[in-house]
Amino acid sequence: MCAVTAKPLFLLMNKKLGDYQLLDVLGSSRISKVYSAIDGDGNHIALKLMRETPFLDKSHIIRVLENTKSISGVLHHTHIVDILDVGKIDDYYYVAMELITGPGTLEDALATGPLALDAALKIGSDLADALTHAHACNIVHGDLKPSNMLVNDHDDVLLTDFGVVSMNYSRAPGQGQVMAGTPRYMSPQQARGCFVSTLSDVYSYGVVLYEMVTGRLPYLAPTPIANLQHMIRTITSAPVVPPVDLIPTLPAALNRMLLKLIEKDEVQRYQTMKDVQSDLIDLSTQAESHDEPAPIGLWTRVRRMFSGM
Ligand SMILES: Nc1ncnc2c1ncn2[C@@H]1O[C@H](COP(=O)(O)OP(=O)(O)O)[C@@H](O)[C@H]1O
Ligand SMILES: [Mg+2]
């Protein structure tokens, strides 16, 4: 084994890996590290690295890489990060991607609270466009969350990590498969372990749009959610807080849209991202002609009662 193969992922800064010259760490998750890098042709790119660990087995990584590779051939869109190459060098599995430089991820942006309504609707519309395209190509994202939405220098959003849906599961020592991370954005169907469909994407997209508009998740749940079983119960059975209860000036049409996006029952939910897109367009048109705010909801009235407002 050569020296580089023994290094953990975080020690590869400024090292050479095959033709790739690694530079800085851009970010990481429990199972991967993303570096800025220069490829063999001198282009600046982003390189996501993974390696086999007791928590992440080879078959999962290979499946994700195969998914990513097949998707990269068909999925090209202004609001989707381009995949350049996938492969393995020494002990490291990699995904080479378009490098997005900018203020960070949507998760970073949301750390300081909700977005301005026009910014949320612009990002929401760009994401809806990207997902409409992916679904038309029969590709489901399956892991929509703000940390998979990168914001560039022009404040445009780009969706990344198509193909990692099987990565939501990893192995705990001595156990079978377990869900990794907190599935805050999963649909009730996905949280129950059902097949991940375009309708799951519609729901997860809805949770992200809800969070952009209100600054919080749609459930009355403790934060951070400590227990996975509790989170799954919350997603599948807790009532959602109508967004207008949090933002009383919210246009009624947007309140209705958000509730329809995060309907627990798939049949009641928006059926396609194309429908979502067209309602977003109607909403922007209405906003220009002064839409009436939605009536104040129960949650706001209860809060006002208790705070003596
Ligand atoms: N193509 C990219 N360009 C720039 N930064 C990226 C890119 N892809 C990922 N990142 C950064 O790396 C971080 C880690 O990404 P990832 O390993 O997919 O974990 P997660 O999606 O859980 O955040 C992201 O949150 C983001 O900050
Ligand atoms: Mg990611």
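**Figure 1. The largest nonpolar core of the predicted model.** In this predicted model, the largest nonpolar core holds 70 residues. The members that touch the most other members are Leu47, Tyr94, Leu127, Tyr205, Leu209, Leu258 and Leu261. Helix α5, residues 198-214, gives the most to this core, with nine residues. Domain 1 (9-98) and domain 2 (104-303) both contribute residues, so the core lies between them. Over the chain, 35% of the 309 residues count as buried.

**Figure 2. The buried face of helix α8.** Helix α8 covers residues 252-261. Its buried residues are Leu254, Asn255, Met257, Leu258 and Leu261. Seen down the axis of α8, these residues fall within an arc of 165°, so they line one face of the helix. Two of the residues shown here, Leu258 and Leu261, are also among the core members that touch the most others.

Figure 3. The chain has 10 helices and 11 strands, and six of the strands form an open sheet in the order β1-β2-β3-β4-β6-β5, with antiparallel pairing. Strands β1 (16-17) and β5 stand at the edges with a single partner strand each, so one side of each has no neighbour in the sheet. Helix α1, residues 58-72, packs on this sheet and touches β4, β5 and β6. The direction of α1 makes about 150° with that of β5. Lys16 stands opposite Gln21 of β2.

**Figure 4. Strand β6 and its two partners.** Strand β6 spans residues 92-98, and six of its seven residues are buried. Strand β4, residues 44-50, pairs with β6 in the antiparallel sense over six bridges. In this pairing Ala46 stands opposite Met97. Strand β5, residues 83-89, also pairs with β6 in the antiparallel sense, over six bridges. Here Lys88 is opposite Tyr93. The core members Leu47 and Tyr94, listed for Figure 1, lie within the residue ranges of β4 and β6.

**Figure 5. The hairpin of β5 and β6, with Asp90.** Two residues lie between the strands of this hairpin. Asp90 is found in the loop between β5 and β6 and has a positive phi of about 50°, although it is not a glycine. Most residues other than glycine have a negative phi. Asp90 has 14 other C-beta atoms within 10 Å, so it counts as partly exposed.

**Figure 6. The loop between β9 and β10, with Asp161.** Asp161 lies between β9 and β10 (169-171). The phi of Asp161 is near 70°, again a positive value in a residue other than glycine. Is Asp161 buried or exposed? Asp161 is buried, with 24 other C-beta atoms within 10 Å; the cut-off for a buried residue is 20 or more.

Figure 7. Two bridges join β7 to β8, residues 149-151. The bridge partner of Thr105 is Leu150 in β8.

**Figure 8. The surroundings of Met186.** Met186 is placed in the loop between β11 (177-179) and α4 (188-191). Met186 has 26 other C-beta atoms within 10 Å and so is buried. Leaving aside neighbours within four places in sequence, Met186 is in contact with Ala191, Ser204 and Ile235. Met186 and Gly142 are 44 residues apart in sequence, and their C-alpha atoms are 8.2 Å apart in space. For the chain, 63% of contacts between residues at least 6 apart in sequence join residues at least 24 apart.

How values were computed:
Residues numbered from 1 in each chain as written. Chains lettered and ligands numbered in written order. Predicted model: local features only at pLDDT ≥ 70, side-chain atom pairs only at ≥ 80, totals over all residues. Core = buried A, V, L, I, M, F, W, Y, C linked by C-beta atoms within 7 Å. Buried ≥ 20, exposed ≤ 12 C-beta atoms within 10 Å, placed from the backbone. Helix = DSSP H or I, 4+ residues; strand = E, 2+ residues; numbered from the N terminus. Domains from an automatic or database assignment. Arc of directions from axis to C-beta. Pairing = 2+ DSSP bridges. Contact = placed C-beta atoms within 7 Å. Axes fitted to C-alpha atoms, helices over the stretch in contact; angles between N-to-C directions.
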